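Visitor: Could you take me through the pockets of this protein, one step at a time?

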Amino acid sequence: FPDRPLTPLEERQRLLSHHVRLVTRGMTNGLFVHGETGGLGKSRVIQATLDNEYADFVLVNSHITAMSLYETLFVHRRGTIIWLDDCDGRYRDLKVLGLLRSALWGQGERVVTYTSSQLPDALPPSFVFKSRIIMTANTLPQKNSAFRAVLSRIDIFSLEASSDEVVDLMKAVARQGFEDLDDEDCLMVVDFIAQNAAGRQLSMRLLQTSFRKLKYARSKGLE
């Protein structure tokens, strides 16, 4: 994080990094990070913190079956952080939730079990899990008692921000310039975004894309 005073959104991002650090240092078995607004830096902060902590981690994103998750848990069962990124759909799968419950908590050792005739010979029907898990999603599943049982075993962090807070961070980033655009050019882009948001929730993902559009327009004499 920069030496200048942090914006409110950056303060929340820094707090998220502390929660990730607790996982990397074995102070908690898991973390669930959610936020309905995309592009606020959940994945970026998690990635940067894991890298800064020199954590051994494996990333799983979008989709994974219960069998594949069981295999992943087994292969990385010691000293690893398993990061399930944007796997929202998996949190409705009772088999997946059962595996996560076992992996995150136990009476003494955390024993994960999978009983199936389809289990490959290379996989045992149960094993002790000594790694940790980070999960991210856009929404916090409601009215899902099985998922609430998973959440009761780990830390939960919500990363949200208003459009004004996103604009504040955009301005802080814009003051650093972008490639051959100076700070005035970049602040002009942020002002344009803010004036044309039309009540929509803003995302930091817009910023670099908008800077590049300005560069393209200038190169083609379209500005």
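**Pockets and their linings**

Guide: H8 supplies five residues to the lining of the second largest pocket, the most that any element gives. This is a predicted model, in which local features need pLDDT of at least 70, side-chain atom pairs count only at pLDDT 80 or more, and totals for chains, interfaces and linings use all residues. Residues are numbered from 1 along each chain as its sequence is written, and side-chain values use heavy atoms, with hydrogens and water left out.

Visitor: How much space lies in the largest pocket?

Guide: A pocket is an open set of points on a 1 Å grid over the protein atoms alone, where a 1.4 Å probe fits and protein lies on both sides within 12 Å along at least five of seven lines; lining residues have an atom within 4 Å of a point. Points are joined across faces, edges and corners, and a volume is the space filled by probe spheres set on them. For the largest pocket, this space is about 670 Å³.

Visitor: Which element gives the largest share of the lining of the largest pocket?

Guide: Helices are DSSP runs of H or I with at least four residues, numbered from the N terminus. Those giving two or more residues to this lining are H1 (8–24), H2 (42–52), H6 (163–174) and H8 (205–219). The largest share, seven residues, comes from H2.

Visitor: Which residues lie nearest the centre of the second largest pocket?

Guide: The second largest pocket holds about 320 Å³ of space, and 13 residues line it. Nearest its centre lie Val189, Phe192, Ile193, Ser210 and Lys213.
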